[in-house]
Amino acid sequence: MDLHYTVLLFRLVCLVLTDNSRDSRILLNDPSLLISQTQALESKIQLLTTAYHNQQSTIHVLQSQVQTGSNGGAVYIRWGKTSCSANISETVYSGFMGGSDPNSVGGAANAVCLTSQPVLKEVGGEGQFMGGAEYGSNSFGPTANNDVPCAVCRGLLDRSVLMIPGTDVCTPGWNLQYHGLLAAGHETHKSATQFICVDHDAESIIGGESPLGLGRQIYAVRARCGSLECPPYHNSKELTCVVCTK
């Protein structure tokens with residue numbers, strides 16, 4: 001029993017004795033009154049004890065959540081899907097992939113998950129432009145030339161997130177969020193791109209084809225032996241990927 005608990009009990013005893021306005025000699029000479037006061041004191045002590053233990057239990061749960069990261073917080077983009085994995089994550093918002101024109105020398109390298117409910121302003125500036133994005137081939141399913149959906153996810157259990165290229169299996173101790181194929185822009189395009197992980201069961205947004213070819217296009221990534229050690233990699237095989245949390 002800690003010091004704070006002992007002090008609370010002492011104050012409670014004093015309060016019960018003080019609340020009795022009768023003469024102390026009556027309390028000592030009346031057994032029934034003494035029993036009644038004792039029972040009332042025991043009841044209050046029991047209530048206080050229960051409240052104390054409940055408070056300690058809550059503190060232990062909060063400490064455990066902080067230590068294990070069980071309150072979640074890992075945020076990642078699930079490329080190729082409109083929602084996140086149920087039970088282990090929540091969908092913050094869904095939308096579609098956006099990026100620079102692949103033929104733009106000064107295009108931004110990173111792709112973004114654009115919201116489907118934009119808030120826009122007209123300020124008179126230009127110099128960089130945002131376009132949509134399409135699957136450049138059928139590597140991700142019958143999706144060529146269809147737009148790429150995306151979902152921003154927040155893990156419910158874990159805090160850290162990691163995308164591992166070249167495998168679809170998480171490192172021991174890490175939890176699977178999704179797996180798929182490694183993807184990037186075509187190597188002949190002028191604008192640089194980043195490697196992303198597209199879900200193995202990719203969805204698509206039909207009707208967003210760009211006849212002018214101004215949208216970003218993504219392709220599955222194949223190994224190229226030489227500077228890359230083969231085996232374990234292989235010239236004719238695409239790289240998988242996995243997104244894991246911990």
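Author: With burial: a residue is called buried when its relative accessible area is under 20%, exposed when over 50%, and partly exposed in between. The model is predicted.

Reader: What makes Tyr 135 buried?

Author: Its relative accessible area is 0%. The cut-off is under 20%, so Tyr 135 is buried.

Reader: And how do you know whether Phe 140 is buried or exposed?

Author: Phe 140 has 7% relative accessibility. That value also falls under 20%, so Phe 140 counts as buried. Over the protein, 30% of the 246 residues are in the buried class.

Reader: How many aromatic pairs are there?

Author: The structure holds two. In one of them, the ring centres of Tyr 135 and Phe 140 lie 5.4 Å apart, with 40° between the planes.

Reader: Which residues have the most contacts inside the largest nonpolar core?

Author: They are Trp 79, Met 97, Tyr 135, Phe 140, Val 198 and Ile 218, in a core of 29 residues. Strands that give two or more residues to this core include S1 (75–79), S4 (133–135), S8 (196–199) and S9 (216–220). Beyond four places in sequence, Trp 79 touches residues including Met 97, Val 112, Tyr 178 and Val 198.

Reader: How do you know that Cys 84 and Cys 153 form a disulfide?

Author: The sulfur atoms of Cys 84 and Cys 153 are 2.0 Å apart, and the cut-off is within 2.5 Å. This link joins distant parts of the chain: Cys 84 sits in the loop between S1 and strand S2 (89–98), Cys 153 in strand S5, 69 residues apart. Both cysteines, Cys 84 and Cys 153, are buried.

Reader: Why is the disulfide of Cys 170 and Cys 244 called left-handed?

Author: The torsion about its S-S bond is about -100°, so the disulfide of Cys 170 and Cys 244 is left-handed. Cys 170 lies in the loop between strand S6 (161–165) and S7, and Cys 244 in strand S10, 74 residues apart. Cys 170 and Cys 244 are both buried.

Reader: What makes Cys 225 and Cys 230 a disulfide, and are they buried or partly exposed?

Author: Their sulfur atoms are 1.9 Å apart, which is within 2.5 Å. Cys 225 has a relative accessible area of 27% and Cys 230 has 30%. Both values lie between 20% and 50%, so Cys 225 and Cys 230 are partly exposed.

Notes: Residues are numbered from 1 along each chain as its sequence is written. This is a predicted model: local features need pLDDT of at least 70, side-chain atom pairs count only at pLDDT 80 or more; totals for chains, interfaces and linings use all residues. Side-chain values use heavy atoms; hydrogens and water are left out. Rings of Phe, Tyr and Trp (its six-membered ring) pair if their centres lie within 6.5 Å; planes under 30 degrees apart count as stacked, over 60 as edge-to-face and the rest as tilted. Buried means under 20% relative accessible area, exposed over 50%, partly exposed in between (1.4 Å probe, protein chains only). A nonpolar core is a set of buried Ala, Val, Leu, Ile, Met, Phe, Trp, Tyr and Cys residues joined through side-chain atoms within 4.5 Å. Helices (H or I, at least four residues) and strands (E, at least two) are DSSP runs, numbered from the N terminus. Contact means heavy atoms within 4.5 Å.
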